[in-house]
Amino acid sequence: MLDGYNRTTNMVFEVLQDPRIKRLNFSVSIYKFQPHHYAQLYFELLRGNVSAEFDPKEKDTAGYNPLNDTLYFGFKKLEVLEYKAAIVHECTHAICDMRGLKLMDQTASEMAAYIAQFMFMSANIPKTRRETAKFTPGGDNNIGSIAGAAWRIAHSNLCQNDPFKPGTAPGFGTNADYANLAEAIRVSDLYEKKADKMVGYNGV
């Protein structure tokens, strides 16, 4: 742990230093996301320009508020991989804010965050097993549909970014997958009322 920072901020530091972060190289529409963006966010946290706090109202989930440049998490320990991936998700939103992507709408923002989240999760699975892995959790809000499309895109990107043997993943990460991910976000109970609205990213 780094002295002078709360437990939640140190959790974020730990995830941002995970070597799998270096695999996060992808695009959503005109927006590119690369490992150096996550490294830059690390330093914004160090400087105090972005904060991270525990919020019991989030329960087992997470959020990012661009109005006060704060990451919120409803857990105190990185007990499961999904918690680390949730941090990657919210950090991707924070990166959008850090970069001042004022014209980005909610759908594009969530697409980027879910792709990053599932790239991080998938990077923990051996390449030989990723194609048959099933990231389709059930539950409300059509998260299963979002997860399924994001995972297919994540697998494709990881194959292209493989540091040992870059390659393609035929049938994965297609235009249809991107369209399916966008549509799943738009119809989700979580996002349908704000899917086409600007998020309000204005820099940190």
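**Labels and their grounds**

Modeller: Let us start with α2, where the buried residues are His37, Tyr38, Leu41, Tyr42, Glu44 and Leu45. Around the axis these residues cover an arc of only 165 degrees, which puts them on the same side of α2. Please keep in mind throughout that this is a predicted model.

Colleague: What makes the buried residues of α7 line one face of the helix?

Modeller: The buried residues there are Asp177, Leu181, Ala182, Ala184 and Ile185. Seen down the axis of α7, they fall within an arc of 160 degrees, so they line one face of the helix. As for its length, the 13 residues of α7 should span 18 Å at 1.5 Å a residue, and the end C-alpha atoms are 18 Å apart, which agrees.

Colleague: Why is Gln117 called buried?

Modeller: The relative accessible area of Gln117 is 14%, and buried means under 20%, so Gln117 counts as buried. Gln117 lies in helix α4, residues 106–122, and, with residues up to four places away in sequence not counted, Gln117 touches Ala85, Val88 and His89.

Colleague: Which residues of α3 and α4 meet, and how do the two helices cross?

Modeller: The axes of α3, residues 81–98, and α4 come within 8 Å and cross at roughly 145 degrees, and the crossing in which α3 passes α4 is right-handed. On the α3 side the residues that meet α4 include Leu81, Ala85, Val88, His89 and Thr92, while those of α4 that meet α3 include Ala113, Ala116, Gln117, Phe120 and Met121.

Colleague: What makes Pro166 exposed, and which residues does Pro166 touch?

Modeller: Pro166 is found in the loop between α6 (143–160) and α7 (175–187), and its relative accessibility of 55% is set against a cut-off of over 50%, so Pro166 counts as exposed. Apart from residues up to four places away in sequence, Pro166 touches Cys159 and Gln160. The C-alpha atoms of Pro166 and Asp105, which are 61 residues apart along the chain, are separated by 32 Å.

Colleague: How do you know that Asp196 is exposed, and what does Asp196 touch?

Modeller: Asp196 has a relative accessible area of 57%, and with exposed meaning over 50% the conclusion is that Asp196 is exposed. Asp196 is found in the segment after α7 and, not counting residues up to four places away in sequence, touches Asp105, Thr107 and Arg186. Asp196 and Arg186 are 10 residues apart along the chain, and their C-alpha atoms are separated by 8.0 Å.

Colleague: Ser29 and Asp69 each have a positive phi although neither is a glycine; which is buried and which is exposed?

Modeller: Ser29, with phi of about 55 degrees, is placed in the loop between β1 (26–28) and β2 (31–33), and its relative accessible area of 64% is over 50%, so Ser29 is exposed. Asp69, with phi near 55 degrees, is placed in the loop between β4 (62–65) and β5 (70–73), and its relative accessibility of 14% is under 20%, so Asp69 counts as buried.

Colleague: Which residues have the most contacts inside the largest nonpolar core?

Modeller: That core has 63 residues, and those with the most contacts inside it are Val12, Phe26, Leu41, Leu71, Ile87 and Leu181. Leaving aside neighbours within four places in sequence, Ile87 is in contact with Met11, Val12, Val15, Phe73, Phe75 and Leu78.

Technical notes: Residues numbered from 1 in each chain as written. Predicted model: local features only at pLDDT ≥ 70, side-chain atom pairs only at ≥ 80, totals over all residues. Heavy atoms only, no water. Helix = DSSP H or I, 4+ residues; strand = E, 2+ residues; numbered from the N terminus. Buried < 20%, exposed > 50% of the residue type's maximum accessible area, 1.4 Å probe, protein only. Contact = heavy atoms within 4.5 Å. Core = buried A, V, L, I, M, F, W, Y, C linked by side-chain atoms within 4.5 Å. Expected span 1.5 Å × (residues − 1). Arc of directions from axis to C-beta. Axes fitted to C-alpha atoms, helices over the stretch in contact; angles between N-to-C directions. Left-handed = near helix turned anticlockwise from the far one by under 90°.
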